[in-house]
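Student: Could you take me through one part of this model in a close look? I would like to focus on the place where the two chains meet, and then see the chain around it.

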Amino acid sequence: MSGATVGIRGVAYALPRRRRSLSELETLGQLESDAALLEQFGFSQVYVAEEETPYSVALAAARALLEEQAVAPASVDVVIYCGTTAVAFAPAGSAIDAADQIATTRRFQYPATRLQYDLGLGCASTLALDQLACTSLFAAVRVARGLIAAGEARRVLCVASEFFPGAAGREAIYNCTADAACALLVDDAHERNRIIASTQVSKGYYWDADALREEMVASYFPTATHVIAETLRRAGWRPNDVRWVIPHNVSVRSWEILMGLSGIPRERLWCRNVARIGHTLAGDNFINLRDAIDDGSVCHGDRLLLFAFGYGAHWTALAMEA
Amino acid sequence: MSAERWILVTGATGLLGREVLARLLAADARLHAFVLVRDASRWPEAARELGACRAVPLTGDLCTVDLGLTPDVRAALRQRVTAIVHLAADTTFSAPLEHARAVNTDGTRRLLELAADCVSRVRIAYVSTAFVAGRRTGMIAEDAAAATEGWVNAYEQSKYEAEQLVRERAASWVMLRPSTVVCDDVDGRITQMNAVHRALRLYHGGLAAMMPGVAGSTVDVVTTTYVAGAIARLALREDTSGQIVHLCAGDAALPLDELLDITYERWARDPEWRRRGIARPAVTDPTTYSLFERTIDEVGDPSLKRLTRALSHFVPQLALPKRFATTNAEALLGHSSPPVRAFWLPMLDHLLASRQRTRAMEVAA
């Protein structure tokens, strides 16, 4: 697939109202590790949904994006929704029983189609992606790029909204998790944020990630290094060509190690949102892209590398030209 | 027929020492050996293999005053011994310096004191390690260059200090410096596991995320047969006096990247292993590796933490690229060490087979 002119036209995101500091989370018993250790790893606070639902936050992000970009609703050809359908309409604090949702005809209530309706995207067909954890928005971009390259769409709205399971606390492998939604528009022939190359590696062996946690953690770094190197190779870039690495918001320490492994200078990691927002599962990289553009870090033409890992287990990267 | 000759051998109950002693005795029918044995219960097995009617065990300990020998025994040694072949060592990389020194440096000092008391001019064949070079990089000559860069672990330092003692105090000496022994012979059979095998098992188990290394990093490993044969041939030869000899792969060492690749390819021949999608460990700079080690130490699972700590006394050498010169060894022996490429893959096969045997036994139990 050439896809050389496909670009990300815009990004918007929405966060729940409630924020909690590490010490609050520790007091509430929401952390497995010491707050001090997580602070060393770059975390400070996270956004925690209470009355919001994944769908309501997704809708807010998507609506903001369409308004900012001033695109006609009829120009959106496809909506791709990323997130767990069974809990999409349940407030985080009182999650309905997912099994009950699946066992009744309510399982046919889909957030993707509701988004299409609520946003007035009458010409858009809908798709949904699941089972990709923190890499699902990358997958949405890949699918969008494929649809555009195949001539089946010119503009695709990708939305990811995922809340961390309520009973799982606020920590996943020494990372503090946040709730958020992120929306982006992938456009044909867009000159900014052009997608140059992408790679995804899935390792089914780790499907039971909890049982193979140590092995998966050990596999994380060499596989991530391979995926980054492969993406750079496909883009025709050297590590030093990358102006910014736009990360997923996992431990800054793990990123420092990965930067060393990848041969990209450590100061090129844009990681301000690890402390400000926390790890929002699927939205991180694109939320960070938006903020890095807004704060002037990313300039027109900068070469960007986005990388994320999804528990269960997926490694993915995008090379983009801002 | 000329008179019998007596030597003292240390470390002869170990894998290498046993092989050296057997070869020494086989090569010279006049040769008799006193064998310093710390754990007397280990001697009968060694003796059985040696058929050692010309080997006399003496219970003693390098770490004890007078080597733990009675005055009568010391008197007998003083009268008869003309050479000491000193192989005994604590090779634990993670040992604290004081412990490593107690065995490796002070033990050597006690042997030198005994040698000085002997009636004859005693020759010392000191079996050291190529890694007395410590943190030095580049071409490592077969000489007594100072370890200006320090050492990776206390084992290296204690052996370096012992070498200094030997050079200063022995009337006649030869310094034999093997690199890391990984298998018995080119057939790859492994009798004794060490840090290299533990690192490889981590790799096979999918638990090795990364290793330190830089451009030019190589892995220099050798076989027991080569090292034992070389020691047996050179230990007592008068023309090696004052010589330092590297018993290393030298130019036939393998680049680290290539070694990781061929290891991966070998294991990937097993479809079940390949299906797991285990990644080849990344090779990274020492700073990044240290950060990784620190992180595992802070948050790793207990077994991973233990393994990473154990490796920390060994793997930093991988990021200190060095090439051991083997000019002296080749000139004296007339041949070089077998190339690593010749025995690495068979060694991997044996390593895996031994693991499978262990697992089968665990299941059966």
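Tutor: Happy to! The contact draws 24 residues from chain B and 18 residues from chain A, where two residues are in contact if their C-beta atoms, placed from the backbone, lie within 7 Å. On the side of chain B that touches chain A, the elements giving two or more residues are β14 (282-284) and α10 (286-299) of chain B. Helices (H or I, at least four residues) and strands (E, at least two) are DSSP runs, numbered from the N terminus. The most comes from α10(B), with 7 residues. By class, this side of chain B has 12 nonpolar, 6 polar and 6 charged residues; Ala, Val, Leu, Ile, Met, Phe, Trp, Tyr, Cys and Pro count as nonpolar, Asp, Glu, Lys and Arg as charged, and the others, Gly among them, as polar.

A word on the model: it is predicted, local features need pLDDT of at least 70, side-chain atom pairs count only at pLDDT 80 or more, and totals for chains, interfaces and linings use all residues. Residues are numbered from 1 along each chain as its sequence is written, while chains are lettered from A and ligands numbered from 1 in the order in which they are written.

Now step back to the whole of chain B. This chain holds 13 helices and 15 strands, and its C-alpha trace spans about 65 × 50 × 40 Å along its principal axes. Of its 365 residues, 46% count as buried, meaning that 20 or more other C-beta atoms, placed from the backbone, lie within 10 Å of a residue's own. Among contacts in chain B with a separation of 6 or more, 80% join residues 24 or more positions apart.

Note on methods:
Buried ≥ 20, exposed ≤ 12 C-beta atoms within 10 Å, placed from the backbone.
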